[in-house]
Amino acid sequence: MSNVQIRKFVIVPTMPESLEPLRLLANNLWWAWNPPATDLFRRLDPDLWESVGHNPVALLGKIRQEKLEKAARDAAFTAQLCRVMDQFYVYMESRTWFAEHFAERQPDTIAYFSAEFGLHESLPIYSGGLGVLAGDHLKSASDLGLPLVGIGLMYRQGYFEQQVTQDGQQLDVYPSHDFHTWPATLMRSPSGGVATITVPIVGHTLTAQVWQVKVGRVRLLLLDADLPENPPELRTITHRLYGGDHVMRIRQEVLLGIGGMRALQVLGIRPVVCHMNEGHAAFLALERIREAMTEHKLTFHEAIEATSAGNIFTTHTPVPAGIDRFEVPLVEEHLAWMARDLGISMNELLGLGRENPGQLDEPFCMAILALRLANRSNGVSRLHGEISRGMFQSCWPGVPKNEVPITHVTNGIHLRSWVSAPMYELLEQYLGPTWADGSGRDEDTWERVSTIPDPELWRVHERRRERLVTVVRKRLREELRRRGASPADIKLADEVLDPTALTIGFARRFAPYKRATLLLRNPERLAALLNNSTRPIQFIFAGKAHPRDGAGKELIKQICAATRKPEFRRRIVFLENYDINLARELVHGVDVWLNNPLRPLEASGTSGMKVPANGGLNCSALDGWWIEGYNGENGWAIGDGREYDDRAYQDHVESDSLYNLLESEIVPMFYDRTDDGLPRRWLSRVRESMRSLCPVFSTNRMVREYTEQLYMPTAQRFRRLCAEGHAGARQLSRFRAKVTESWHQVRVIDVTADADATVHVGGSLRITARVHLGTVRPEDVLVEVLHAATGASVEFDAPARIAMTRASGDDSGDYVYHGAIPCTASGEHGYAVRVVPHHEDLPGRYDPGIAVWG
C-alpha cells in the first residue's frame, strides 16, 4: 500500500460538561503559580502529567476518556475545581495595585520586548536567567494589574535539551515542538484571518504568524516564521533560541523588534511605552520612528524626539564582550531598506549604534542603539548600574560617570512561582492570604515569619529536601539507562545523597566567570567535608553551557569527573538538562545555595533569590544582588568583595574563604541541634533571610519600581511630546538642531574664585565664570559649577553640581555667572565650570552629549 494516500485525523477526549472549566484554566498560565490549580491537572493522571512535561493542554489532549469520566464523578475533585475557578475569577476581576495608584491615568499599553520568556517548563522558549526574569516580570505585571503585553519569538526547537555522556561531554539536542499542544493560541486579525506580519529580509519578504499566551491578566505575543510561504533559510529564523551565527542573530532581532512592532499594529495595539529587555529588541526603535514618519508626517528628527520619549532600555550585561555587535556589511545588507524609508543615509543609521558615530569602521552595537533611542535606561542591580555607567560613559562626552543617564532597578523573582506547595500553605497560614500580592506592604507581612513555630518551618523544609533526594535519584537512574549503564551502576543511583545531610546546590549557566569548579580547588579539604561520618555535606550541580562555549563545556566535564571519584561519588552529583522544573525542585529542597561568580561579572543573578522563601540560605560572592541583600545575619558572603588583578589569586582567596565558611560556620550551625532535634540557630538565620530578602527581591517590588520610576514618567513625556499634533516633538527637534549648529561658539572665557586656595569649613567659595555663548540664547544653556573631594586624584567621577546665576551679559554674547560652593568637609577639593544645553523637554540633563568645560 505504499502508493495509497493516507489522510490523517485526530481523535481527542470528550470533556464532561462539569470539567469544561479545565480547558479555560489550561490556556491561562495563572495555574502555574497557584498550587491548587496545578494539583487539579496532576490529579487527573499523575503519570501522564509527568510524561507531558506538566503541560495541561497536552494532558487534556492525551488523557484517556475513562480518567475524565472518573474525575467528573469525583465530588472532591469537582469541588476543588469549583474553588479554583472561583479564585481565578476573583483574581481576574479584582481591583489591582495599578488601578488603585494610577486610576486617574488613561490605561496606556506598555509593550515589553524580550528574546526569551521563561514562564514554565511547558513553554520552552527560554535559556536561562534573562528569560526567567522576563517570565516573572509578566506574572508580576499581571498580579499588579499593569496594562502590559509581552512580545517575543515562538521557537520551534527552543534552546536545546542537554544530554551528558559518561565522560562528561555535553550533547546539544534540538527536538521539534508542536505548538498546538502548548498553552498558546493563534491570534486573529480584525478581518478574522490568522494574524500575520511581514518584514523585509535580504530581498525576501518574511511572513510570521502571531501566537498568544495568556499570563493571568496580561498576554504574551509570539512570532512564528516557520511557515510554508517562507524560503527554507528564513523558516529557521524562529527555530532555535540563540542558535546559529551573526546572520541568524540579526535576522532574529529584526523579526523581534521590527516584526514585534508590526504585530502590535496588526492587532490594533498602540503602545505608549516600549520596554527593550536587553538590546536584542532595539530595532523596534527604528520601526517606531518609521511608523511615526508615515502616520504623522514627521521628519526623521521629529520622529526620533516623539518616539524615543516612549522607549525604555534595560541592559543585563556587565562586560562589552557580552553585547551584540554586527559588522557594517551585515547591517547594510539587512537594514538598507530601513534607511531608505527613514530618509537617511546608511552611515546615519549606523551612527545610531556606534560609540563614535563618525568612526565608519566601528561595528554596530545593539545596546548603544537602544541607549541612544531610549527615554530611560537602567541596569539590573546597584553595582551593575555603576558598571554600566562606566561602560557606556563614552556615549556622553564630557559627562562625569555618576551623571551618565543609566539608573538601576534591581531584579527580583515572582515568589508564588518559586515557593513549594507545602511552604505556600505554611506562609498563607502565618503571614495571611496576601503574603505575595505585591501591595507595597510586603515588609510588614514578612515580619510575621517570627510567628512560624520552629518545628513546623523545619518539618516543611526537611520534607522538601527528602523529596529533592528522591527526584535526584530518579533522574540519575533515567540518565544512566539512557547512557547504557549496567544494572549494577543504575542500582547505585539509589545510594546517592543522604536525605538528612546538609545539601548545597549550584545550578546556573556554565559560563567560566561563574566558576563552577571553585569548590574543587582543594580536593583534600572537600573530601573531609563530604565524608565526615557525623556531619556530612553533599552538593548538587546542574546547568547548561552554550553550544559554542567550549570553556563552559569543559567545566561540566570537570564536575562530572569529580562525581566519578570514589571519595566524591555519593556526595556530588551533576544533573543534566537544567530547566525551570529542575530549578524548582532544587530551590525547594537545598539548605544552601552556592553562588561564586567572579566580581563584577554577575549583573544581578536571580537563582539565589528563589531560595529564602523556601527556607534555604545563600552563600555567595559579593556580586550582583547579594551586595544589596547580605546583612551579615541572613546567609554568608564569600570573600570581602575585593577584586584582584591576578585571576588565579582571586580564585585562591575566595575558594579558601568558601572552605573556611563551610568548616567553621555553615556545617557546625546546621548540625548544632537542641534536645528536640531542631537546629534553632540555623532556623534563626533562615527567618532573618526570609524577613530581609523576600519582600525586597521580588518582581512585584521590581515591577512597582519600573512603573513608578520608568513606565509612568516615560508615558507622561511621550504624551506631552505627541500632544497637539506632536508640537512638543517638533519644537524639541528644532531646538536640538539650532543648539547643535551654534554650539561651536560656546566657550568658557575664564573662571575666578574670590578666595585663595584655603577655605574654612562652614564657609563658601564664590565662583565667577565668564562665558561666551555667541548666538546661543542664555535661556538655552545651563552653567554649572561641579565640585568634589579629590585627594590625590586630579579627576572626579561623582561631583556635586550647583547651578550658577547669570549676572550680566552684552551684545557680543559674553555673559557673567556667579555661584558659591558650600565648604562642609575638610580636605582637598576640586571644581570646574561646565556649560550644557538646557530645555525642559530633554529626557536628561545632558542628552545631546555636548558640553563645554572651563
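Helices (H or I, at least four residues) and strands (E, at least two) in these notes are DSSP runs, numbered from the N terminus.

**Ground rules**

I'm working with a predicted model, where local features need pLDDT of at least 70, side-chain atom pairs count only at pLDDT 80 or more, and totals for chains, interfaces and linings use all residues. Residues are numbered from 1 along each chain as its sequence is written, and side-chain values use heavy atoms, with hydrogens and water left out.

**Lysine 297**

I went to the loop between α11 and α12 (300-308), and lysine 297 is there. Its phi is near 55°, which is positive even though the residue is not a glycine. Is lysine 297 buried or exposed? I used these cut-offs: buried is under 20% relative accessible area, exposed is over 50%, and partly exposed is in between (1.4 Å probe, protein chains only). Lysine 297 comes out at 64% relative accessibility, so I wrote it down as exposed.

**Glutamate 278**

Here I found another positive phi in a non-glycine residue: glutamate 278, at about 80°. Glutamate 278 sits in the loop between β9 (273-277) and α11 (283-296). With a relative accessible area of 8%, glutamate 278 is buried.

**Helix α12**

How many of the nine residues of α12 are buried? I got eight, so the helix is mostly covered by the definition of buried. Among them are Phe300, Ile304 and Ser308. Next I looked up what does the covering, and the list includes α11, β10 (311-314), α13 (328-342) and α28. Contact here means heavy atoms within 4.5 Å.

**The whole chain**

I stepped back and got 28 helices and 28 strands for the chain. The radius of gyration is 29 Å, close to the 29 Å that the globule rule gives for 854 residues, so the chain is as compact as a globular protein of that length. For the record, that radius is taken over C-alpha atoms, and the rule is 2.2 Å times the number of residues to the power 0.38. Along the principal axes, the C-alpha atoms fill a box of roughly 95 × 70 × 50 Å. Of the 854 residues, 58% count as buried. I also checked contacts between residues at least 6 apart in sequence, and 72% of these join residues at least 24 apart.

**Charges**

I have 96 positive and 106 negative side chains in the chain, with the centres of the two sets 5 Å apart. Lys and Arg count as positive and Asp and Glu as negative, while His and the chain ends are not counted. Each charge is placed at NZ of Lys, CZ of Arg, CG of Asp or CD of Glu.

**A cis bond**

Which residues does the cis peptide bond I noted join? They are arginine 599 and proline 600, with omega at about 5°. I placed proline 600 in the loop between β18 (592-595) and β19 (617-621).

**Aromatic rings**

Rings of Phe, Tyr and Trp (its six-membered ring) pair if their centres lie within 6.5 Å; planes under 30 degrees apart are stacked, over 60 edge-to-face, and the rest tilted. I get 31 aromatic pairs by this rule. In one of them, tyrosine 424 and tryptophan 435, the ring centres are 5.5 Å apart and the planes stand at 85°, so I call the pair edge-to-face. Tyrosine 424 lies in helix α18 (residues 421-431) and tryptophan 435 in the loop between α18 and α19 (442-446), so the pair ties together parts 11 residues apart in sequence. Tyrosine 424 is buried at 7% relative accessible area, and tryptophan 435 is buried at 1%.

Tryptophan 625 and phenylalanine 697 make another edge-to-face pair, 4.8 Å centre to centre with 70° between the planes. Tryptophan 625 lies in the loop between β19 and α25 (626-629) and phenylalanine 697 in the loop between α27 (680-693) and α28 (699-742), so this pair ties together parts 72 residues apart in sequence. Both residues, tryptophan 625 and phenylalanine 697, are buried. I also noted one aromatic cluster, formed by Trp30, Trp33, Phe88, Tyr89 and Tyr91.

**Leucine 146**

I found leucine 146 in the loop between α8 (129-144) and β2 (148-153). Leucine 146 is buried, with a relative accessible area of 4%. Leaving aside neighbours within four places in sequence, its contacts include Trp97, Ile110, Val218 and Tyr711.
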